Amino acid sequence: MSDLRSLYQEIILEHNKSPRNFKKLDGANRILEGFNPLCGDHYTLYVKLEGDTIVDLAFQGAGCAISKASASVMTTLIKGKSVEEARAMFAMFHELVMGTLKDVSFDHLGKLAAFAGVSEFPARVKCASLAWHTMRNALDAGTGTVSTE
Ligand code: ZN
């Protein structure tokens, strides 16, 4: 387990140091800001939606290591996915950081598993979830549907 924990820590530190898709995205048709006043995390999320597919997404901004790494990992996972797949991943991530997901193994979740430990720190849940909530709101704004949550 300690090996796994250090692997998870490495993923977070590495994505914080070299965040993926960390730029302004030209051609984005959904641009949303996410702000977590508790910690001061503040990001702008750029999404390029074509039909039902998230063809590209990127983010800019600043915040703690958890929030930045989470946003970075999210962009790598969501890029190229359908809106439905992105919503399913949001739901899975939400359960993961709330500590209610049953299978939190690396095999099942890949890099997302790095955020499993966040569920032990309620204040950090908002940091880890910020980019995901912003992404979901960006998709909602585009479809005109109302979230049931
Ligand atoms: Zn934070």
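**Exercise 1.** Which residues have the most contacts inside the largest nonpolar core, and how many residues does this core have?

*Solution.* The model is predicted: local features need pLDDT of at least 70, side-chain atom pairs count only at pLDDT 80 or more, and totals for chains, interfaces and linings use all residues. Residues are numbered from 1 along each chain as its sequence is written, and side-chain values use heavy atoms, with hydrogens and water left out.

Step 1. Apply the rule: a nonpolar core is a set of buried Ala, Val, Leu, Ile, Met, Phe, Trp, Tyr and Cys residues joined through side-chain atoms within 4.5 Å. Buried means under 20% relative accessible area, exposed over 50%, and partly exposed in between (1.4 Å probe, protein chains only).

Step 2. The largest such core has 41 residues, and the most contacts inside it belong to Ile54, Met74, Ile78, Phe93, Phe115, Trp132 and Met135.

Step 3. At least two core residues come from each of helix H1 (2-17), E2, E3, H2, helix H3 (83-98) and helix H5 (122-143). H5 gives the most, 9 residues. Helices (H or I, at least four residues) and strands (E, at least two) are DSSP runs, numbered from the N terminus.

Step 4. Take Met74: leaving out residues up to four places away in sequence, Met74 touches Leu45, Leu57, Ala131, Trp132 and Met135. Contact here means heavy atoms within 4.5 Å.

**Exercise 2.** Which residue forms a salt bridge with Lys79?

*Solution.* Step 1. A salt bridge is a side-chain nitrogen of Lys or Arg within 4 Å of a carboxyl oxygen of Asp or Glu. The count by this rule is 5.

Step 1. The partner of Lys79 is Asp56, with the closest N and O atoms 3.1 Å apart. Lys79 lies in the loop between H2 and H3 and Asp56 in strand E3, 23 residues apart.

Step 2. Lys79 is partly exposed at 32%; Asp56 is buried at 18%.
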